[in-house]
Amino acid sequence: MENSEKTEVVLLACGSFNPITNMHLRLFELARDYMNGTGKYEVIKGIISPVGDAYKKKGLISAHHRVIMAELATRNSKWLEVDTWESLQQDWIETATVLRHHQEKLEASSCDQQQDSPVLERPGRKRKWAEQRQDCSQKKSLEQTKTKGVPKVKLLCGADLLESFGVPNLWKGEDITKIVGDYGLICITRAGNDAQKFIYESDVLWKHQNNIHLVNEWITNDISSTKIRRALRRGQSIRYLVPDLVQEYIEKHSLYSSESEERNVGVILAPLQRKTAEADT
Amino acid sequence: MKSRIPVVLLACGSFNPITNMHLRLFEVARDHLHQTGRYQVIGGIISPVNDNYGKKDLVAARHRVAMARLALQTSDWIQVDPWESEQVQWMETVKVLRHHHSELLRSLPWKEGLDQGKADSPAPAAVPELKLLCGADVLKTFQTPNLWKDTHIQEIVEKFGLVCVDRAGHDPKGYILGSPILQRYQDNIHLAREPVQNEISATYIRRALGQGQSVKYLLPDAVIAYIKEHDLYASPGEE
C-alpha cells in the first residue's frame, strides 16, 4: 500500500433542507476543496439526507417536497446526490444513526466490489447486510493490503450545528462522541475563532479535534432557509438564492405560506421529546 | 387609481465576472420599488464597463458581455447591453444613463395618430424613468475625491434617481447625510434592504478560480462553463 494513498471520503449533510438553498450546496463545494486540498483525502461523493417529517420542526413541510427540491438542486451535479432513507423512516432518527447507516452501506458495497463470489450473482437473491459484513471481514483479512480501504463518511455541517451540541438535551452525549470519534466532522464556518473556542471548551470535542475540520467560508453567504421562507411569504424574489429549478418548483406548488410556517407549532421537537421520554422511564 | 411610474434599472460595473450577487441586486431593487406602491419595474439593463476603464484584472469586454448574456438567459426582464463596452473610450456613468434614457424614450410608442378612439383606451403611458442601480459601496465612492464630478452626481440623483442595495459594512443613510447633494435629492434615492447577506465579490471569485477552487452556486453554471472554456481567470494577475 502506497504511503500516498488517500482516504476516500463521503460527505453527509443532514438537515431540514426546508428548502435547500445555494448556501447548502456551497457547503459541499467548500468542504470538498478543503479536504482534497489537504492531500490526505479524496472526496468521492456528497450525500444530502433531508430529515423525516417526524422531526416536528416548526414550518417543516412534507419530506416528499423537500426531497424533490434537493434532487432538482443536484440534478446537474456530478458528485452530489440525495438519499431518502432518513426521510422515509416513521420515527425521527438520530444523526449518529444516519451516519452509521451510510457507513455500513459503503462497507457493504465496497465489499461487493471486491468479491466476485457467485453467491452475489445469483439472480433474485438479496443478501442481508449482516451476511455481507461477515463475508467482508473474512475477505478483508486476505485482501487488506490490496485495497484502498472503505471510504469514510463524515458529517458536513455549518457552525450552527457544531454549536447546537451545547443545547441541553438536543444531543445525546454518546452520539456526539460517536459523531466526532467514529466518523468526523467538517464544519464550514465564518467565525473560525468562535468555533475553535467552542471546541476548546468541550472535553469531547477537544479530544477528537483531529477529526473536526474547520473550514473558513470567506464569503458571507447567509442564505438561510428561514429567510427564504420569509421572503416567499412576503412575495419577495428568491431568485439566485436557490437553484432556478427549486425556485420554479416552489412557485408551481405554492409550497411556503403563513399556513405552512405554522406547522408543528406547539409540538416538541423530536430529539427533545425523546430525551424527556427516556428521562421518564 | 394612480398608476405606477414605469422604471428601468441600469447597473454599471465591471461584471468581472458577473455573479449571483449582481443578479440579486436587480431582484431586491425590483421588490423594493414595487413595495413602495409607486413604481412598476419594467426592465433591467446590465452595462459592463469599457476595457479602457483600466481596472486591474479586467478581462476583455466581449467575455464579460458574453458571460452576462449567459447569466441572463433565464431572466425574463433583465438584459445585457454592450453599448458602453463598445465605445472607443471609457465614459462617465452619467453619459451611459443619458444614452439609455434617450433610447428608452425613443422606443416608446407614440400616441399621436395611433389613437383608435376606443372608449376604454388606457390613460397615456407615463414616461418611464431610468434609475441607476448599485450597491451601497458605490454610493460611498461618491465621497472619493475626484472620482465623480459633482455635477454628474447631481444629475444622477436629480434627473434619474438611484436605487441602492444594502451591503454589509456600509451605512448608506450616513453617506447621504454626509453629502449636501445627496441630501437634497434623497427622495430620489431608494435604499433597498437585502435581507440575505450575500457578499459574493467578483474579486473573491477570481481568486478562487485562480487557485482552482470551486465557485459553483455563486454564479450561474453557464457562466462557470464559459470561464472554463475560455480559460479566464486561470491565474492571478491576468492582464
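Modeller: Helices (H or I, at least four residues) and strands (E, at least two) are DSSP runs, numbered from the N terminus. The model is predicted, so local features need pLDDT of at least 70 and side-chain atom pairs count only at pLDDT 80 or more, while totals for chains, interfaces and linings use all residues. Residues are numbered from 1 along each chain as its sequence is written, chains are lettered from A and ligands numbered from 1 in the order in which they are written, and side-chain values use heavy atoms, with hydrogens and water left out.

The loop between α2 (63–73) and β3 (80–82) of chain A holds A:Ser77. With a relative accessibility of 11%, A:Ser77 is buried (under 20% relative accessible area; exposed is over 50%, partly exposed in between; 1.4 Å probe, protein chains only). A polar atom of the A:Ser77 side chain sits 3.1 Å from the backbone nitrogen of A:Leu80.

A:Arg66 belongs to helix α2 of chain A and A:Asp53 to the loop between β2 (41–50) and α2, so the pair ties together parts 13 residues apart in sequence. A:Arg66 is buried at 0% relative accessibility, whereas A:Asp53 is partly exposed at 33%.

A:Arg274 pairs with A:Glu94 in a salt bridge, the closest N and O atoms being 3.2 Å apart. Since A:Arg274 lies in helix α14 (residues 270–280) and A:Glu94 in the loop between α3 (85–88) and α4 (95–114), both of chain A, this pair ties together parts that are 180 residues apart in sequence. A:Arg274 is partly exposed at 26%; A:Glu94 is buried at 13%. A salt-bridge network links A:Glu94, A:Lys172 and A:Arg274.

Another salt bridge joins A:Glu201 to A:Lys197, at 3.6 Å between the closest N and O atoms, and A:Glu201 is exposed, at 53% relative accessibility. Over all chains, the search finds 23 salt bridges, but the count between chain B and chain A is zero.

How values were computed. Salt bridge = Lys/Arg side-chain N within 4 Å of Asp/Glu carboxyl O. Polar contact = N/O pair within 3.5 Å; in protein donor to acceptor, adjacent residues only side chain to side chain.
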